[in-house]
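Look at the sequence and the model together.

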Amino acid sequence: MPITIEAKLRAWIALAVFLLAIALLIFVPAGTMRYWQAWLYLGIYGTASALTTRYLVKHDPELLRRRMRGGPTAEKRPAQRWIMFFVSIGFVGLLVVPALDHRFGWSSVPVAIVIAGDLLVAVGMYWISRVYRENTFTSATIEVAENQRVISTGPYAIVRHPMYASALLYLVGTPLALGSWWGLVALAVMIPFLLWRLFDEEQLLVATLPGYADYQRKVRRRLIPFVW
């Protein structure tokens, strides 16, 4: 179904509001706008998000609609609501803790590590866009859509959960790009909930998506190529 002008406008407004929220979560705790690491991070993250939104608006509006229905309240199962609640708190921590770190000077991260963090963010966002192109059923909630089928090509031929793998890259990169070692603590808090979400999703897919069990046997690695 073609996307309407109103839906396009909602998508771009939602992105602008989300990026503004990220900026506030960084600059308000930092207590300053003189934070070059944050500006560089926002430039990379914002550009990648805008390019992805542009692609979805033009080529896969149905996926865009599914991606806009995310968050704890959008989940249908209680366990996933709790998982997404804590993941959301962890994501806020990934931004706020580095901002406080910058304000109070808790850690000193070399410029080379900051740039490496930005590269992780860029690469992670790129692979997320590749996942979207490969799998139109990449919902923001854990569900099996009508007519959904198993995808085993592209990134899905390497690991079973390329979305999680790609997201992990930019999640690791975020506190480093913002110049903080302490921000990695927030990531450590998030990891168990992300793994819980991954295992719970696999159980649902095995039970409800025909062919997924065979796909599991074909692609052995869940998250990290050649490792796990």
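The model is predicted, so local features need pLDDT of at least 70 and side-chain atom pairs count only at pLDDT 80 or more, while totals for chains, interfaces and linings use all residues. Residues are numbered from 1 along each chain as its sequence is written, and side-chain values use heavy atoms, leaving out hydrogens and water.

A pair of aromatic rings is described by the distance of the centres and the angle of the planes. Rings of Phe, Tyr and Trp (its six-membered ring) pair if their centres lie within 6.5 Å; planes under 30 degrees apart are stacked, over 60 edge-to-face, and the rest tilted. The structure holds 14 aromatic pairs. One of them joins Tyr126 and Trp127, edge-to-face, at 5.6 Å centre to centre with 75° between the planes. Tyr126 is partly exposed, at 43% relative accessibility, and Trp127 is partly exposed as well, at 29%.

Trp228 pairs with Phe199: the ring centres are 5.9 Å apart and the planes are at 80°, so this pair is edge-to-face. Phe199 belongs to helix α7 (residues 183-208), whereas Trp228 is in the segment after α8 (212-218), so the pair ties together parts 29 residues apart in sequence. Helices are DSSP runs (H or I, at least four residues), as are strands (E, at least two), numbered from the N terminus. Phe199 is partly exposed, at 35% relative accessibility.

Ring pairs also link Trp82, Phe85, Phe86, Phe193 and Trp196 into a cluster.

Trp127 returns in the lining of the second largest pocket, which also includes Pro155, Leu169 and Ile224. On a 1 Å grid over the protein atoms alone, a cavity is a set of points where a 1.4 Å probe fits but cannot get out, and a pocket is an open set with protein on both sides within 12 Å along at least five of seven lines; lining residues have an atom within 4 Å of a point. Helix α6 (residues 162-177) gives the most to this lining, with five residues.

Not counting residues up to four places away in sequence, Asp200 touches Arg77 and Gln80; contact means heavy atoms within 4.5 Å.

Key:
Buried < 20%, exposed > 50% of the residue type's maximum accessible area, 1.4 Å probe, protein only.
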